[in-house]
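Colleague: I have a few questions about how the two chains meet. Please take me through them.

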Amino acid sequence: MAKKLMKGAEAMGEAAIQAGCRLFFGYPITPQNEIPEYMSARLPQVGGTFVQAESEVAASNMIYGAAGAGERVLTSSSSPGISLMMEGLSYIAGSELPVVVINIMRAGPGLGGILPAQGDYFQATKGGGHGDYRCLVLAPWSVQEAADLVQDAFDLADYYRNPVLILGDGLIGQMMEPVEFKADRRPCRPLTPKTWASTGWKGDRPRAIINSLFLDPEALERHNQKLAAKYAAMERDEVRLAEVGTDGEYEVLVVAYGTVARVVYTALDDLQQAGVRAAMVRPISLFPFPYEAVRRAAEKAKAVLVAELSTGQMIEDVRLAVGGRVPVHFIGRQGGMLLTPEDIAARVKELAAGEGSHA
Amino acid sequence: MPETLVFGKPTALTEVPTHYCPGCTHGVIHRLVAEVLDELDLTRRTVGIAPVGCSVLAYNYFATDFHEASHGRAPAVATGIKRARPDLIVFSYQGDGDLASIGLSEVLHCANRGEKVTVIFVNNAIYGMTGGQMAPTTMPGQVATTCPLGRDVEQAGYPIRIAELISTLRTPAFVARASVHSPLHAVHAKEMIRRAFRCQKEGRCFSLVEVLSTCPTNWGIPPAESLAWLEQHMLPYYPLGVFKTPEGPDRAPRPLAGGA
């Protein structure tokens, strides 16, 4: 297929359809309405179904039902709506169902604002809803990567029988870039028939009971440990990241994800021209977090700078990775305000010169 | 003379003994649903949805595929299953706390979208599993653990009549209220449940049957007297009959023949 100029939100919707998703349940919220709008027009063209739910709570339970019946299903929302979906997500994780959820993050807390932010990192990567579970979390930095990750997300969700979150922000959703959908794309994981799905019991298999209720504590503990083993397998096999300049010499390592990493990338160019040596690690999977790659890259630097559109959330994982061996500093904007390449470059110069170590 | 089996267990029920309290009418309602599934030849393509409440373990008792829903969301789960697999027969089985309180939005919108699913709504005027708290359907003056002096309508309002409420929607539906406090009423209830599932089988409309039920344990009334209490206190407020059919906006309840 030829490259097409597409808005990020629409590219993600199209990617879901290319991945065989024929069901979308969602509720309007800015700044991600282009996704449900695209799906409402596009799904009927491919024999699919779009339902505008009465709430995000309902939408999260509709995807629970559809996934339990064995079909690929997508929902999307933005921060306050994702909070409402945490009920369904906890049940989906507990019942081991594959769903893909796109969060186009906006600034919070509460109603917050409608401009881009990265304040949902904790919610996305540390569980989010109640109980002891994890979602696979993937964070794109371009429209092409968003489309690719959405397609992979469906395979990963099916493979692990687990929710996969695409964590973007308003910039990813709104910006237009060329995107290409490969006609010969193959699943990124081996997929098996969904024999566990509730498709009507005819006696030829155990009854399908889609459930997260275990009143026997020993049974629930076994279930918790089974889930933990699955999350451990994700941590072993699903780490994704990109690195810029980490094979050379540098004084400052910058860690950033999503669109902020685009800003850092531009800053690195400017810094190189100014003769300041810096490198970047960009986590693509936020759970699992690339602890080992960050640790390795940090050891070559005299300072680490974490850049986020929050007051500092991913920085906690970076500190865990670095383990106190190198000072970890923070630069961020909040409320929908953005970091500029100049902001980042100025801070990196300070750190390279041995200043600003108070953080 | 060869022996002929004239009465047996529906294939849509499992062999598992239920956890329901003595005198509870959930067992009767389970059986009526199971008989209808068998008689309409739906059992092998049915997916049920259990609520949060006394019937949370319904998936142990119905011999069909099942989903356990979070509190009140069964109609949303039903929507997801039915839209994913329109060939399946999908029903939710919900109590009054689940459906009329925390899940009111889900059932109302499910009905309003005209989802081709069936809701069995068991109204026993109290929260059972959590230990007898006031429900939206608790009768005025009825004692519950969160209204120890009886439901005060000045504070808590009047009981919600779900069948009436759903039947105000313009979208075609089958909506009825029945009761199982006597064998005659149980026969009528089964007929309402049959009509509801037939509407789904024929792909016609949303269907909901509200079934009045007893809770001797949390009402604090012995089983036999509970049946009389239902008749005396609930029937006048919750009239039985068909409130809406897919053919038209039939909002006047048709009373059960022989008086209810």
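Modeller: Two strands pair if DSSP finds at least two bridges between them, and helices (H or I, at least four residues) and strands (E, at least two) are DSSP runs, numbered from the N terminus. This is a predicted model, in which local features need pLDDT of at least 70, side-chain atom pairs count only at pLDDT 80 or more, and totals for chains, interfaces and linings use all residues. Residues are numbered from 1 along each chain as its sequence is written, with chains lettered from A and ligands numbered from 1 in the order in which they are written.

Colleague: How many bridges join strand E5 of chain B to strand E6 of chain B?

Modeller: E5(B) covers residues 173-179 and E6(B) covers residues 206-212. One bridge pair is B:Arg177 with B:Glu210.

Colleague: Which strands stand at the edges of the open sheet of 8 strands?

Modeller: The order is E9(A)-E2(B)-E1(B)-E3(B)-E4(B)-E6(B)-E5(B)-E7(B), with mixed pairing. Each edge strand has a single partner strand, so one side of each is left without a neighbour in the sheet. These are E9 of chain A and E7 (241-244) of chain B.

Colleague: Which residue stands opposite A:Ile210?

Modeller: Strand E9 (residues 209-210) of chain A is joined to E2(B) by 2 bridges, and they run parallel. The residue in E2(B) opposite A:Ile210 is B:His67.

Colleague: Which element gives the most to the side of chain B that touches chain A?

Modeller: Contact (C-beta atoms, placed from the backbone, within 7 Å) takes 28 residues from chain B and 30 residues from chain A. Elements of chain B giving two or more residues include strand E1 (46-50) and helix H4 (104-113). The most, 8 residues, comes from H2(B).

Note on methods
Two residues are in contact if their C-beta atoms, placed from the backbone, lie within 7 Å.
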